Amino acid sequence: MSAVVSPIREPLITGGKTYHQITEDIVSPTEKMPGKAWVAAFTVSVATLSFGLFCIAWTIWVGIGTWDLNRTIGWGWDITNFVWWIGIGHAGTLISAILLLFRQKWRTGVNRAAEAMTIFAVMCAGLFPLIHMGRIWLAFFIFPYPNTRGPLWVNFNSPLLWDVFAISTYFTVSLLFWYTGLVPDFATVRDRAKGIRKRIYNFLAFGWTGKAKHWQRWEALSLVLAGLATPLVLSVHTIVSFDFATSVIPGWHTTIFPPYFVAGAIFSGFAMVLTLMIITRKILKLEDYITVNHIESMNKVILLTGTIVGTAYLTELFIAWYSGYIYEQFAFYNRALGVYWWSYFGMMACNVISPQIFWVKKYRRSIFITFFMSIFVNIGMWFERFVIIATTLARDYLPSSWSYYVPTWVEIGIFVGTIGLFFVMYLIFVRVAPVVAIAEVKSILKTSGDQYTKEAARANYDKMLHEKPHHEHDHAH
Amino acid sequence: MKEYQEVLYGLYDDETELMDAVRKANADHLDIMDVYSPFPVHGLDPLLGLSESRLHITGFVYGALGTLTAFLFMTWVFTRDWPIIFGGKPYFSAPAFIPITFELTVLFSAIGMVVTFYTICGLGPGVTNPTLDDRITDDKFCIAFETNGYSDEEINKLKSFFSSTGASEVNTKTI
């Protein structure tokens, strides 16, 4: 059975690769000693992580009072960072699940790293609600377990508890999905390794041999997990938005929040994938697998979701005016022109205005511009969460309660520390696991490798040349 | 289960050759033990007579179990075990149970299916299955025959099958 090759689609794997070359290119970074760039990045990440751990320890030892939260502003950088990280953690599952269902082949180049990123981002996110509790040693109270206090159950009607279930489910399912995809690739690494590495990868590969029946089940499992993960990924940020939307705070109590949060999550997640992939492909020399076409496809998603987010911002403003409700109107006037006007401005500039340059194909395909845009989007999305949380809370119903909030060094340190944690995990990941899904890339080689697409394009051209006189002949009669 | 298996296997360089060889083996009524490949080869399953995986059915069953567990448990807690009024809402406030019910449906289904997958495939942490050739997870496609108690004539028949279908290598191994 020969594969059907589109004569017009651009190749997703360049460099005329063979199956063996794919294995060689993707596995070899895990077999070599790390380069200077890796060691430097790892050192910096470990240092920032250590400082973050110190700040977390400080918070737990001294208490939440060491943050500058006050009676009016009860959520500050902690919840901002939580929502930011959870949002970033949305791209991985979107790429691997939703794009699998849509049969988007470009997913294969980036899904592994994006899923890894998802898992690490969710870990960073999960830290914030835990330390925000104040008494972290009682964190197990959030689980409904039979206890000696009655048993007294948790409040299943509370969005904060829904969040516990949503995020722990999301983390578990993402991890299972990611690891099941990794098993055949770990087997590839195992079969090339020697000595102690072979023993380690033998353990990680779960005894995979590549039997036809196993592959069939593996594909069935991936497809159903993708089908489950698709509504799951949409539900997670929907439920995060319920934390706000089910309250009675003007500016939070809106039905637009779920779709707006989900679009924003995909937007920031893709931006983080681009930031990481642009560096990874360069350092690990994976330009043949993560091509400019992959980057362009992701930029299109950024443009779409950025525009959805922008539409949501404008809709919020319109509805606030149209509602005729002065508290709602004030909430939005305050966001744009109040004490935190600069964060609203940063959000609008980074999230709505700057992604519009991606209407131009040249910019979508520019690695330099994409890299800076991806950083802008991440900054903009952080501002969005800060705008929603701090700006809204700063201006309470009672003007006597109005307040202002500036984070302390501890809060900044914890945020920087989670960035350190994220990069420590990611850097370890690129050293020990194949960064690109080897088996999946091999399975699209015959349809998307450049030697095959060129051949198909040539055949198509020949066919057209051949057919043309024939048609004219028909018309003459 | 036998103590050991003598296996005669041939390696192919391309999935197209593999598929043609499997077709020929079917035509010659050869009893293929198994086919190994570095990635899923589409269209191979019907040739090998493999029926469609029923893993998705187990996924549905586990999911349904999750739905019932979550919904019935929350209903029991708030109507029987410890009824509390939250915000003037009824004890049985079904809409508020939906998010957790959904999450547990997905969680049960995913965990159940993954555990089932590894169990029925005989895979898992610390499991070591015998492998025929290290290049099968790289770029070789393999057809294997079990040759326990085969006569030389039968083995030669298999070898000529491999050479006629373009196998790049033919080896034997006891696993």
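Domain bounds, as used in the first legend, come from an automatic or database domain assignment. The model shown is predicted: local features need pLDDT of at least 70, side-chain atom pairs count only at pLDDT 80 or more, and totals for chains, interfaces and linings use all residues. Residues are numbered from 1 along each chain as its sequence is written, while chains are lettered from A and ligands numbered from 1 in the order in which they are written.

**View 1. The two domains of chain B.** Here the assignment gives domain 1 (6-52 + 133-174) and domain 2 (55-121) of chain B. Taken over C-alpha atoms, the centres of domain 1 and domain 2 of chain B are separated by 46 Å. Along the principal axes, the C-alpha atoms of chain B fill a box of roughly 85 × 35 × 25 Å.

**View 2. The fold of chain B.** Follow the chain here and you will count five helices and four strands; these are DSSP runs numbered from the N terminus, with helices being H or I of at least four residues and strands being E of at least two. Along the sequence, chain B reads β-α-β-α-α-α-β-α-β. Its radius of gyration is 26 Å, well over the 16 Å that the globule rule gives for 175 residues, so chain B is more spread out than a compact globule. For your own check, the radius is taken over C-alpha atoms, and the rule is 2.2 Å times the number of residues to the power 0.38. Of the 175 residues of chain B, 37% count as buried. The term buried asks for 20 or more other C-beta atoms within 10 Å of a residue's own, exposed for 12 or fewer, and partly exposed covers what is in between, with C-beta atoms placed from the backbone. Among contacts in chain B between residues at least 6 apart in sequence, 80% join residues at least 24 apart; a contact needs C-beta atoms, placed from the backbone, within 7 Å.

**View 3. Where chain A meets chain B.** The contact draws 50 residues from chain A and 55 residues from chain B. On the chain A side, helix 1 (19-31), helix 6 (159-192), helix 7 (195-204), helix 8 (212-245) and helix 16 (438-448) each supply at least two residues. Helix 8 of chain A gives the most, with 16 residues. This side of chain A divides into 25 nonpolar, 19 polar and six charged residues; Ala, Val, Leu, Ile, Met, Phe, Trp, Tyr, Cys and Pro count as nonpolar, Asp, Glu, Lys and Arg as charged, and the others, Gly among them, as polar.

**View 4. A:Ser235 and its contacts.** A:Ser235 is found in helix 8 of chain A and is buried, with 21 other C-beta atoms within 10 Å. Not counting residues up to four places away in sequence, A:Ser235 touches A:Ala166 and B:Phe102. The C-alpha atoms of A:Ser235 and A:Asp185, 50 residues apart along the chain, are separated by 30 Å.

View 5. Most residues other than glycine have a negative phi, and most peptide bonds are trans. A:Arg103, not a glycine, has a positive phi of about 55 degrees. A:Arg103 sits in the loop between helix 4 (91-101) and helix 5 and is exposed, with 7 other C-beta atoms within 10 Å. A:Phe206 also has a positive phi, near 60 degrees. The place of A:Phe206 is the loop between helix 7 and helix 8, and with 23 C-beta neighbours inside 10 Å A:Phe206 counts as buried. A cis peptide bond, with omega about 0 degrees, joins A:Gly150 and A:Pro151. A:Pro151 lies in the loop between helix 5 (107-132) and helix 6 of chain A.

Technical notes:
Two residues are in contact if their C-beta atoms, placed from the backbone, lie within 7 Å.
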